Amino acid sequence: MLIEFTVGNFRSIKDPVTLSMVAANLVAKDKTLDEENVIEVDDDLRLLKSAAIYGANASGKSNLANAIKFMRSFVLNSSRETQLKDKIPVERFLLSTETENEPSSFQMVFILNGKKYRYGFEVTTERVIAEWLFFVPASRETKLFERELDEIRVASRFKEGKGIEERTRANALFLSVIAQFNGNISGRILTWFSMVEMNLGINDYGDQMVTSYLFHGMEDKDAIVRFIKDLDLGISDIHSEEEEAPWTSDSDKRVSALKQAYEDIYDVPILSKMPKIRSHHRKYDSEGNIVELELFKLDTHESAGTQRLFSLAFPILNALQTGRVLFIDEMDARLHPLITSKIIGLFNSKRSNPNNAQLIFTTHDTSLLSNKRFRRDQIWFVEKDKFGATHLYSLAEFKVRNDASFEEDYIRGRYGAIPYISSDLRWIVDGNNAEK
């Protein structure tokens, strides 16, 4: 389970910001939210099952998602997919002289096998500047290792890290290298990172194809079929067929996106054949009797919303079944608000989420901003200051009555994180020379 994520000096994020899944000491208007939306870890720690992130366009919501994606990818791949002189694909904040020579920083705090871990690193495009791993075996945080440039100090209790220091390149993470040498703790931490799933926005062709491959290979497809049917899309069944995959077409960017998404997320070789998804729709005669089933091609006959929902089906069900962390950027893209609300409800429920999966998503859908759906600490805002730097803060930081309308107050600008729209748009009709 994720406790918190911190990032600094990355894209539009200048100073470190922290997304916390720790439940604040507050009481919701609807008391059932305090039971359903919260995970009771122990007497001292309660975590949230979901978090919604709001903000204007270009405020930095997607950059927060990309920061998690970068950290996940670098942890999983830095020791095996980089060469000695390869650049680290990190992007610092560009709008300040203060950050020009500073590293980008990333840190995750999470629970693994009942223990709390804190892992992070600082990097430039050239090398790893710092790296650290701590855990809490009982009540006090204990160091497992710390790194400053080429100096790596390994605690005596972290035996799997001993002797690996000299095998670590400047542009690779020590944790990733240890895991390559079959380290026990490091391997389990990498497995935890691999279980943080990312679905990044409306450019989801790769995600749709990944779901197609996984669906095609499933012995039991009933869960995905039922998920689609229960959301009332007029589909009675789904099946898959095989055709030759166009892997020889290097110019096909969608194919490249598929291969990258599939191999990055699931770390398995791509198949030689491409599955094609067919949806079944009932055909009726003039008297309303079902006469046969018509087969639709998912990628050409079904709506963009249905395609989007199919691409989300496996990540959502997999997270709920295995207790993963799922981050969805642009959650509301192409989906009806009632469907989005239903998906959120699956996570905010003890019955449908017994394994304590966590959903984090960005959205513009203000209809979801309700004290009947979220506690205040589950609602987050992203806003840029006049210097172009992204700031992240929670509704729990505001003094808000329990019966307040979160949606109405947000639209009115009480919490910030909304676009500034000029009231004078005469130039549209008056021409470019209109007085501004």
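Predicted model: local features only at pLDDT ≥ 70, side-chain atom pairs only at ≥ 80, totals over all residues.

Student: What makes β11 and β18 edge strands?
Tutor: Each of them, β11 (196-200) and β18 (390-394), pairs on one side only. They belong to an open sheet of six strands in the order β11-β15-β16-β5-β17-β18, with mixed pairing. From one strand to the next, the twist averages 15 degrees.

Student: How do you know that α9 packs on that sheet?
Tutor: Helix α9 (residues 304-322) touches β11 and β15 (325-329), where contact means heavy atoms within 4.5 Å. The direction of α9 makes about 160 degrees with that of β15; such angles run from 0 to 180 degrees between N-to-C directions, along lines fitted to C-alpha atoms.

Student: What is the span of α9, and what is expected?
Tutor: Its 19 residues reach 28 Å from first C-alpha to last, close to the expected 27 Å. The expected span is 1.5 Å times one less than the number of residues.

Student: Where is the kink in α9?
Tutor: At L312, shortly before the proline P315, with a value of about 35 degrees. The bend is the angle between axes fitted to the seven residues ending at a residue and the seven starting there. Just after α9, G323 takes a positive phi of about 75 degrees.

Student: Why is L19 called buried?
Tutor: Buried means under 20% relative accessible area, exposed means over 50%, and partly exposed is in between, with a 1.4 Å probe and protein chains only. L19 has 0%, so it is buried. This residue sits in strand β2 (residues 17-20). Leaving aside neighbours within four places in sequence, its contacts include I53, W380 and L392.

Student: Why is D409 also called buried?
Tutor: D409 has 13% relative accessibility and therefore counts as buried. It is found in helix α11 (residues 406-411). Beyond neighbours within four places in sequence, D409 is in contact with A404, R414 and Y415.

Student: Why are F381 and Y415 called a stacked pair?
Tutor: Rings of Phe, Tyr and Trp (its six-membered ring) pair if their centres lie within 6.5 Å; planes under 30 degrees apart are stacked, over 60 edge-to-face, and the rest tilted. F381 and Y415 are 5.5 Å apart centre to centre, with 25 degrees between the planes, and so form a stacked pair. F381 lies in β17 and Y415 in the loop between α11 and α12 (427-430), so the pair ties together parts 34 residues apart in sequence. F381 is buried at 0% relative accessibility, and Y415 is buried at 2%.

Student: What joins β6 to β7, and how many residues lie between the strands of their hairpin?
Tutor: Nine bridges join β6 (residues 104-112) to β7 (residues 115-123), running antiparallel. The hairpin has two residues between the strands, and N113 takes a positive phi near 50 degrees.

Conventions:
Residues numbered from 1 in each chain as written. Heavy atoms only, no water. Pairing = 2+ DSSP bridges. Helix = DSSP H or I, 4+ residues; strand = E, 2+ residues; numbered from the N terminus.
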